[in-house]
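Hi everyone, thanks for coming. Please bring up the sequence and the model on your screens, and we'll walk through them together.

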Amino acid sequence: MSFKIDRGLFKYDFIDHHAVLCVPVDADVKEIRKRYLQIARRLHPDSSFTETAAQKQLGNEFLSKLVNPAYEKLCGDRTRTEYILILSQIGKRLVQESTSVTLNTDLARQLTEAANLDHFYKSAIAKIAQTQYDSLEQVLQVIAQVSELNLVYLMRSAAKSSAAPPPPAQPKVQSGTPQQNTPKNTPPAPAPPKEDSVVEQYVRRAQSLIDKNQFASAKVELQEALKLEPKNSRCHSLIAMVYLKQNQLKMAKIHFDNALKLDPNDETALQWKPKIDKALGQQPSDHKVTSSPNNGDKQPDKSGSGGLFGGLFGGKKK
């Protein structure tokens, strides 16, 4: 049996695994696993929920062809990173094509105008999840509804992050107006708040993800930032910490080296690079940039497995 959905993100030849599991697009691995286990218990052939033979068969089809692949994609480190990057690109594309986006549900239309985007979106997702697989005959329609919510959320999030602030209004001054007409005691107007640059927004989101131990997502944000500013020492230092947390010591060393070349006083790099050198059995290297392996970031660093990572952090890799 094939399952065809032509609404929401599915319209863009994209399998919306978040909609299949009914979790927010920024859900972490722990939340995804918890939701997967709930669905698996409900759809398993031995579940009392699927009483008839036809229901057992349909539930097993959903489990094997939709739910299990979604879980595998969203919980694998490499596949999750690639998937999130594609989601980010789709969000930017949706902003450009927003006038041609068609929504079929009232809930998705309400989300386009919701004042508190995150609260409305996550509350709606959580409510739908409670009954998503109650009626197996309605599952595909429910997944389509969730995917429309994901589409709107990605589109509004991308628009918000890329929107440039309007220039501050300047007072009009007539030529020839005597300068002494300006009241002497008038305090100067406060400077408008400084808007973060696009790179600073990437860095801020990455730091938040690192704090939540969502290292794969953080790496995607920092890779995007480095595409815009390859000589940003802060980005190199942060992505080095991500590689370090993922036990990829060689890649961490490369980015710490670059951070120190760009900013010799980078405290994080100064703290961790000697420890990495020691773990790799190398002498500290006077902060020179180490050339990247020919295969760049694409190949996993196998040098930091086992005791090396435990030696740096005093515990086993999680």
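Let's begin with a term: pLDDT is the predictor's confidence in each residue, on a scale from 0 to 100. We need it because this is a predicted model, where local features need pLDDT of at least 70, side-chain atom pairs count only at pLDDT 80 or more, and totals for chains, interfaces and linings use all residues. Residues are numbered from 1 along each chain as its sequence is written, and side-chain values use heavy atoms, with hydrogens and water left out.

So how confident is the prediction? The protein chain has a mean pLDDT of 80, with 76% of its residues at 70 or more. Confidence is highest in helix 1 (residues 17-21), at 95, and lowest in helix 13 (residues 307-313), at a mean of 49. By helix I mean a DSSP run of H or I with at least four residues, numbered from the N terminus.

Now to helix packing. Axes are lines fitted to C-alpha atoms, for helices over the stretch in contact, and angles run from 0 to 180 degrees between N-to-C directions. Under 35 degrees counts as roughly parallel, over 145 as roughly antiparallel, 65 to 115 as roughly perpendicular, and the rest as oblique.

Look at helix 2 (residues 29-43) and helix 3 (residues 53-75): their axes are 10 Å apart, at an angle of about 170°. That makes helix 2 roughly antiparallel to helix 3. Among the residues that meet there are Ile32 and Tyr36 of helix 2, and Phe62 and Leu63 of helix 3. This contact has 12 nonpolar, 3 polar and 1 charged residues. Here Ala, Val, Leu, Ile, Met, Phe, Trp, Tyr, Cys and Pro count as nonpolar, Asp, Glu, Lys and Arg as charged, and the others, Gly among them, as polar.

Next, helix 4 (residues 77-96) and helix 9 (residues 215-228) cross at roughly 50°, their axes coming within 9 Å. Helix 4 and helix 9 are therefore oblique to each other. Residues in this contact include Asp77 and Arg80 from helix 4 and Glu224 from helix 9. Its residues divide into 4 nonpolar, 2 polar and 4 charged.

Finally, how many salt bridges are there? A salt bridge needs a side-chain nitrogen of Lys or Arg within 4 Å of a carboxyl oxygen of Asp or Glu, and the count is 14. One joins aspartate 26 and lysine 122, with the closest N and O atoms 3.0 Å apart. Aspartate 26 sits in the loop between helix 1 and helix 2, and lysine 122 in helix 6 (residues 117-129), so this pair ties together parts 96 residues apart in sequence.

Methods:
Helix = DSSP H or I, 4+ residues; strand = E, 2+ residues; numbered from the N terminus. Contact = heavy atoms within 4.5 Å.
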